[in-house]
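Please consult the sequence and the model shown here.

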Amino acid sequence: VSTQSTWGLFSAKENMLDGPISEEGLQNLKDYKYSCSDYTPLDNFMNRFWKFAAEFLPIWMAPNLITLIGFLVLNSSVLIIFFYDLTLSQELPRWVYFYGAFAVMFYQTFDAMDGKQARKTQSSNSLGQLFDHGCDAFACINIVMLGCQVLRLGNSFLSIALLYCLVVTFFLTTWEERFVHQLRTSAGGLGVTEGQLIISMGLIATGIFGPSLWIPIMTIAIMAVIIVGEGLFIYSILKSVLTKVEKPHEALTLLLPIGVVLCLSILWTFTSFYRDYPALVLLTTGIQFVLLSCRMIICTVSKMTFSIFQYEPLFLILPLLNIFLKLPTWVGFLAAFIPTAGSTALYVYLVVIQIANYLNIRVFKIIPKLAIPEKQQLITAIVI
């Protein structure tokens, strides 16, 4: 197989530019310095535990591997939900809720420890930061699924509203970083850590008392607080950006792709497939948001142009066309899900390999800072 057609898997020198990131973008990415908003009081409190836990990590464990382990555990909790209930409206075995709470806190802990491990092993790099942000984007979908299952939102509009609250906010924070050069992780003393703790407590309470704990009035009140809170957070992001840029309309045009996904996903909620399998619609729509967020993250840190013309959101049209074609509803879903998941996986894969080749590092393995042999295939490091 020629190295010219393998996207830099064999020879970093020959193919480091064969990927989504330009040569200038790779250099900008290498020089990128991460900056985030202030930590919340809970972050500072939990940091003592995270530091303590990180001391037990073996020195050979790569930071990206730590991130991946936490991410896979969180994903497993949602796969269990899918096994039992794709309607997000049924009562599940109590252990599922307890495991969900464990998975969220496990992910939170490992997500916090990866940076400490990187500093301990002197293996900090821009790939680790991007890998962490990408997993956080996917984690938003998992948190939405857990929240919908706890409150048994089912195929109501509240399910899609909860998805929008999290994934749109995540996208906007990356969009804001593009202009203010700082990633917002909290607002008003509340941030990601608080949100994860709240969903964990909700899962534990549901495991103890059952989902009947959440009577309709409580569910509506909880969703109202979430929607209003996220709405205010989004408003503060928009205000922050639009008051600092010289051409606000150009900044707003970058939101066009996410607007397309919003509109098409709303239309999908009126189909029979959403009524029967809301979890799968939320999953497909969520992955669309993840792809856009990952692209925005890459374009932000590499100072590349974020194109408003994205073809992947158009995959969401296919289930709507099925209304007229009268094919089985599963056909429409698969026609949207397969290319959505495939294009997202391919983009993430190419970006990770391209950056790793450029930085001359392994993805999931710490190696001495020596030159990697010319023909040593980097992809093997991913499975070691």
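**Salt bridges in the predicted model**

Q: How many salt bridges does the structure hold?
A: The model is a predicted one. A pair counts when a side-chain nitrogen of Lys or Arg lies within 4 Å of a carboxyl oxygen of Asp or Glu. By this criterion, the number of salt bridges in the structure is four.

Q: Which residue forms a salt bridge with glutamate 91?
A: The closest N and O atoms of this pair are 3.7 Å apart. Glutamate 91 is partly exposed, at 47% relative accessibility.

Q: Is glutamate 176 buried or exposed?
A: Glutamate 176 forms a salt bridge with arginine 184, in which the closest N and O atoms are 2.6 Å apart. The relative accessible area of glutamate 176 is 2%. Buried means under 20%, so glutamate 176 is classed as buried.

Q: How many residues apart in sequence are the parts tied together by arginine 295 and glutamate 312?
A: Arginine 295 forms a salt bridge with glutamate 312, with 2.9 Å between the closest N and O atoms. Arginine 295 belongs to helix α13 (residues 278–302), whereas glutamate 312 lies in the loop between α13 and α14 (318–325). The pair therefore ties together parts whose separation in sequence is 17 residues.

Q: What is the relative accessibility of glutamate 312?
A: Its partner in the salt bridge is arginine 295, which is buried with a relative accessible area of 15%. Glutamate 312 also counts as buried, and its relative accessibility is 1%.

Terms used. Residues numbered from 1 in each chain as written. Predicted model: local features only at pLDDT ≥ 70, side-chain atom pairs only at ≥ 80, totals over all residues. Heavy atoms only, no water. Buried < 20%, exposed > 50% of the residue type's maximum accessible area, 1.4 Å probe, protein only. Helix = DSSP H or I, 4+ residues; strand = E, 2+ residues; numbered from the N terminus.
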